[in-house]
Structure formats: structure tokens, C-alpha cells
Number of protein chains: 2
Amino acid sequence: MLDRKKLERLVPIGALAEQTGVRVETIRYYEQVDLLPPPERTEGNQRRYGRRHVERLAFIKHARDLGFSVESIRTLLKLSDSPDLPCDQAHAISVAHLGDVRHKIARLRSLEKELERIASTCSGGVSACDCAIIEALADHTQCAHHEGGLAGSRR
Amino acid sequence: MLDRKKLERLVPIGALAEQTGVRVETIRYYEQVDLLPPPERTEGNQRRYGRRHVERLAFIKHARDLGFSVESIRTLLKLSDSPDLPCDQAHAISVAHLGDVRHKIARLRSLEKELERIASTCSGGVSACDCAIIEALADHTQCAHHEGGLAGSRR
DNA sequence: CTACAAGCTGAAGCGACTAGAGGTTCAAGG
DNA sequence: CCTTGAACCTCTAGTCGCTTCAGCTTGTAG
């Protein structure tokens with residue numbers, strides 16, 4: 001297992017981190033939660049990663065950047081490992097996630113508008129303002145999404 | 001303190017939850033983290049809330065719906081309690097948060113585009129697809145925000 | 001009076017890491 | 001060969017904003 005020639009082609013965790021842009025601690029965490037398979041070790045018990053690991057971690061990183069949950073990624077990885085029935089499920093996951101993202105965008109846009117309204121009522125000058133922002137927060141009735149479909153989607 | 005007449009005007013936690021749309025457990029949590037002051041209690045140690053509590057919790061709920069952190073809300077509440085120098089800080093918090101929200105929107109829009117691209121490469125049909133989604137995730141170079149400013153903003 | 005809904009506390013769990021303590025190993029310079 | 005110090009190791013706890021659970025006690029309607 002610890003063949004000298006093999007070890008030479010393998011990289012330590014710090015190099016893997018640099019290559020992929022994933023922090024060292026996060027890589028160890030991914031191993032712990034079975035996203036990344038345990039790599040080989042040196043005699044001194046240090047991790048040494050090969051090409052496969054680099055690719056798999058890049059996949060994970062990219063999917064995380066796209067906002068996929070670790071659970072979704074676990075499924076996507078399983079699918080990519082067994083190239084028999086992957087397409088349907090992968091497509092379903094992506095489409096569901098796209099729906100999620102659109103939902104979040106809509107919600108954030110509505111928040112943006114309300115925040116603009118609230119922040120603009122008070123320019124932040126020292127005087128003559130008593131204080132519209134706090135009033136706006138206290139008084140829900142001014143609010144555009146009052147009793148609308150937005151509240152609760154966070155939960 | 002436990003005057004009979006007073007108690008009659010006070011509501012138990014369940015009613016407060018219903019009125020404000022905040023869950024019972026969450027209300028107790030807010031008390032625990034000092035967002036909501038401890039209310040009066042019945043002889044049997046149950047919480048009874050008055051008008052002030054309802055208002056304060058509505059404030060909190062509204063601010064949370066707008067995505068303010070509990071820390072920001074704590075500050076906003078302090079400001080609203082002491083109406084001397086509130087405006088500047090409240091304005092600063094709101095503007096900072098608005099910046100945050102806009103940043104998130106921009107990021108999500110870019111994710112939306114990429115997800116659209118990825119999902120559209122594979123219509124999800126059973127055959128003839130081997131699987132573009134998984135390839136797209138594996139191959140970062142196709143990605144629009146490749147090495148762009150997006151990665152890492154989650155941290 | 002009794003049943004049962006609603007309330008109570010305290011602790012643990014969630015997701016996805018991050019940070020720290022305290023120790024070991026690797027590789028380069030002398 | 002030896003020393004130094006950066007990089008590595010494990011394990012534990014902390015983050016945020018709740019949620020859930022277990023195992024009780026209290027309030028109220030019939």
C-alpha cells in the first residue's frame with residue numbers, strides 16, 4: 001500500500017486544499033461525513049491524495065458553490081459512480097435546486113425593496129429624524145409583504 | 001405582581017405565538033438569549049405576556065423576516081429603547097444589511113443562470129443522456145464564474 | 001373531579017463548517 | 001546526522017437560529 005513510487009505521485013492535504021480552494025479543515029470534515037473517501041496514509045499517518053480525490057473534491061466544491069446541500073451532493077456522487085440510471089435523478093435534483101434558488105431570489109428582491117423603502121425614510125443625518133427605521137420595523141402594517149407568502153419560508 | 005385584574009389582561013405563550021406568528025419554542029428561545037424580556041408568571045410558573053411584549057416580539061419577527069441577524073436586532077432594540085441617538089446607527093445597520101441582500105441576489109442570479117444551463121443540457125429523458133449534469137459538475141472549466149469573485153462569499 | 005391540552009425545564013440535535021488545544025511528522029538547512 | 005519549524009494529526013467545542021425531545025406540571029372545559 002505504501003509503495004514508494006505511488007507515494008511520490010500523491011499530495012498532502014495542504015496541497016489538495018490549495019489546488020481545490022477547499023480549506024484543510026473542511027476536507028477532513030468531508031472525509032468524516034463520508035463525502036470524500038479516506039485517502040492513503042504515510043507511515044507517519046498523514047493523508048496523501050491521488051488524482052481521483054482531487055477530481056472528486058473539485059466536484060464537491062463546485063456543487064457546494066452552486067448551493068447544493070451535502071445530502072444532494074452525496075446522491076449526485078453516488079449517481080456519478082454508477083453510470084447506469086443517473087440522468088433522471090440528477091436532473092430532478094438540479095431542477096428542484098433551481099426552483100429553490102429562484103424562490104430565494106424572489107424573496108430577497110422583495111426584501112431589497114422594503115429595505116430600500118425603510119432606509120430611505122431616514123437619511124442618517126444627526127437631527128430631525130426620530131427614527132423612521134425603527135418605527136417601520138415596529139409597525140408591520142406599512143410592510144408590502146404584510147401577511148403575504150414570504151414569512152416562514154426561512155423555516 | 002400577580003394581581004388578579006392584571007393577569008386577566010395578559011396572554012399565555014400559545015396566544016402570543018398565534019398573534020405574532022412566532023413559534024412557542026422560538027419565543028422561549030428569544031427570552032433565553034435576552035431578546036425578549038422575561039414576562040410575568042402565574043402562581044404555577046407559566047408565562048403571561050402583556051401588550052409591550054406583543055409589540056416587541058412583532059418588531060423582532062418583522063426584523064427577522066427582513067433577514068436581520070439576532071445581533072443586529074439586539075442593537076436595533078436597544079436603540080428603540082433609548083430614543084436619544086438612534087438614527088445614525090439604525091440607518092447604518094439597515095444600509096449594511098441592504099448591501100448584504102443585494103450581494104446575495106447577485107450571487108443567486110449567477111447561480112440561477114448556471115443551473116439553467118446545466119439542467120437544460122439534459123432533459124431528464126431515460127435514454128441517450130450520459131449524464132451532462134454530472135459532467136458539468138465535474139468539469140469546472142465550463143463554468144461562467146470560473147475563478148470569478150463568487151466562490152468563497154459563503155464563508 | 002377528571003381528562004387532556006397547554007405549559008414548563010434542560011439537554012441534545014441540525015447543517016456545514018470553524019477554531020482551538022495539544023501533540024506528531026516531514027523536509028530542508030546547517 | 002541533527003535541529004528547526006511548518007505542516008500535519010486527533011478530538012472537542014463553538015457558531016447561528018432555531019427545533020425536537022423527554023419527562024414532568026398546570027390550567028381549564030365538561
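Reader: Which residues come nearest to DNA strand C?

Author: In this predicted model, 22 residues lie around DNA strand C, and Gly44(A), Ser69(A), Val70(A), Gly14(B) and Arg47(B) come nearest. A residue counts as near a strand if its C-beta atom, placed from the backbone, lies within 6 Å of it.

Reader: What makes the relation between chain A and chain B that of a two-fold axis?

Author: Look at the rotation: 180°, with 0.0 Å of shift along its axis, superposes chain B on chain A with an RMSD of 0.1 Å. That is the relation of a two-fold axis. In chain B, the C-alpha of Ile105(B) is nearest the axis, 3.0 Å from it. The same surface serves both copies, as 100% of the contact residues of chain B recur in chain A.

Reader: How do you know that S1(A) and strand S3 of chain A pair?

Author: Pairing takes at least two bridges. S1(A) and strand S3 (residues 47-49) have 2 bridges, in the antiparallel sense, so they pair. Val11(A), for instance, has Tyr49(A) as its bridge partner in S3(A).

Reader: Why are strand S1 and strand S2 of chain A called edge strands?

Author: The open sheet has the order S1-S3-S2, and strand S1 (11-12) and strand S2 (40-41) each pair on one side only.

Technical notes. Residues numbered from 1 in each chain as written. Chains lettered and ligands numbered in written order. Predicted model: local features only at pLDDT ≥ 70, side-chain atom pairs only at ≥ 80, totals over all residues. Helix = DSSP H or I, 4+ residues; strand = E, 2+ residues; numbered from the N terminus. Least-squares fit on C-alpha atoms with pLDDT ≥ 70 in both. Contact = placed C-beta atoms within 7 Å.
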